[in-house]
Amino acid sequence: MRKENFRNIAIIAHVDHGKTTLVDHLLRQSGTFRANQQVDERIMDSMDLERERGITISAKNTSVEYKGIKINIMDTPGHADFGGEVERSLNLVDGALLLVDSSEGPLPQTRFVLKKALARSLPIIVVINKIDRPDARIQEVINEIYDLFIDLDADDSQIEFPIIYTIAKEGKAFLKVGEESDSLEVLFEAIINTIPGPIATDDEVPQFLVTSLDYDSYVGQILIGRLSHGSLAMNKSYLLYGENDSKTTVKFSALYTFKGLQKKQVDTVEAGDIIAIAGIENAKIGDTITSIDNPKPLERIKVDEPTVSMIFYVNNSPFAGTEGQYLTTRHLKGRLEKELLRNVSIQVEPTDRADAFEVKGRGELQMAILIETMRREGFEFMVSKPNVITREEDGKTLEPYEMVYIDVPEEFTGVVTEKLSIRKGIMQNMINHGHGRVDLEFRIPARGLIGYRSQFLTDTKGSGIMNTLFDGYDNWAGNIPQRVSGALVADRPGRATAYAAFGMEDRGDLFIPVGTQVYMGMVIGERNKTSDLDINITKEKKLTNMRASGSDATVVLRPPRMLTLDQAIEFIADDELIEVTPENIRIRKMELDYKYRKPKTKDLD
């Protein structure tokens, strides 16, 4: 039985194509907010990191009312590294909006999420956004979308998608380009007419799949998901069906449905709706709440395997404990276990050291977001260089590969091709559109991309665009050169001086400003040769019989190259770690004392 009073939809889009902005206007025009209510832009991007980076990291849901029909909307991440969030979101919905920029067209991350949606046989509405752009190429973009659907083996019903044209920032939607409109009404109508209501029966056995977890300091853990069948009510007992067929009898302390951005407390919930449940501890994503008498668990959520791992260590540097609030093995282990509860695509495994944990995820970006989140929460720890996760099949070692999609000005085609070839990349396609920019496609081992992004931006003078997409496992590609430059390493503790920094100007780029406290083994810069160089960055100019010690105080230094967390993850070598604290990002050698460090190559400098 289809419930016609509900519509459950996901919004699919590449980063920065206007997805979250469109949701803002759907909420405004459905009467979710009062006429005089002050509302931030990009309401759904509630995390600080999402607002700073301009991307959606965690899937979130909201609901709007249109003509008496409740439309539950899932705002999905547009980046493949957050694929676990996407897979969870698509479990909740019966259709999707594919939002595409009228100039950029469907990009690789769009392809990733769309492939997941088509695999679940979801009907799609295509929304061409930003049609007011001066460089809009609407018809070409529509043709590219058809090509993409055919390439992803869409069936006949999926490829007959309706097309809506929008200017999301103005809250306008059109059936045809050039029409007049001052609202999103045609988009609302398309959702009602194209996306079917959920198949759900109220008098069946209850089946609720835990798809997302939240936490409230007042009611504790909150389970979010879709009630597939049956109904749930307060003051009744149900069965929590967990991993390995574990069963626990549970009672709810609160039931919620979603109304706009708020949770509304209710006594009963009906099948087909997206709901939240409080009062159940130790539940995991993928568990089912069902009847005690006749339990019918749903299939657990499956996500793609992780491809990258990093080791998280307790901080043992000379500055340990001076800047962070949570420092110990117990704190680090507890925080990583908490992450496992709400992030299905992360795995944490113990190592042979009690103070180190191997964390596995989808990519460098996902790892960087986890590290940055923990740093802002007051944690202090160290992380290693990312390594790819290999597989063994029929006696062969297999490693993950990526498809790399690059858009660069013509003059940088040569340098990009050369650098990716060195990293075992094989060109699959090259298209010159004739307007000064070239599209390149490469297939490359995932480890060949570690540390390449910042080099790519340097090589293309910041004008290149690079997107990646996981492309399965293939044979080990052999040795891939990573960082070719050495490091400038402090050989003693102290404070960096202008005199010493000036003496290092011809040796490479410094990462620290003058006056920074350093310790032995701390990486303070990138050398312009392949080997590492231990230097005294604390040396001061002494008084001589010729001049005073402060006579060169006005020397002008090059500004230091301050690395962000993402740049530090890309920069570090196998024998280096990143020290992460709430106040600083530092790079250090695993072995701090240079006497015990094995030299990479003999240095004659």
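**Stop one: a loop residue**

Start by selecting K67: at 63% relative accessibility, K67 counts as exposed (buried is under 20% relative accessible area, exposed is over 50%, and partly exposed is in between, with a 1.4 Å probe and protein chains only). You'll find K67 in the loop between β2 (60-66) and β3 (69-75). Strands here are DSSP runs of E, at least two residues, and helices are runs of H or I, at least four residues, both numbered from the N terminus. Look at the backbone too: K67 has a positive phi of about 50° although it is not a glycine. Most residues other than glycine have a negative phi.

Before moving on, some housekeeping. This is a predicted model, where local features need pLDDT of at least 70, side-chain atom pairs count only at pLDDT 80 or more, and totals for chains, interfaces and linings use all residues. Residues are numbered from 1 along each chain as its sequence is written, and side-chain values use heavy atoms, leaving out hydrogens and water.

**Stop two: another positive phi**

Next, pick S121, in the loop between α4 (108-119) and β5 (124-129). Its phi is also positive, near 60°, and S121 is not a glycine. Buried or exposed? S121 counts as exposed, at 52% relative accessibility.

Zoom in on β8 (residues 207-216) and β9 (residues 220-229), an antiparallel pair with 9 bridges. Click V210 and look across to G225, its bridge partner in β9.

**Stop four: two buried side chains**

Select E402 in strand β24 (residues 396-409). E402 is buried, with a relative accessible area of 13%. Leaving aside neighbours within four places in sequence, its contacts (heavy atoms within 4.5 Å) include R443, F470 and D471.

Finish at I569 in helix α14 (residues 565-571), which is buried at 2% relative accessibility. Not counting residues up to four places away in sequence, I569 touches M310, E364, A368, I371, P386 and I578.

Methods:
Pairing = 2+ DSSP bridges.
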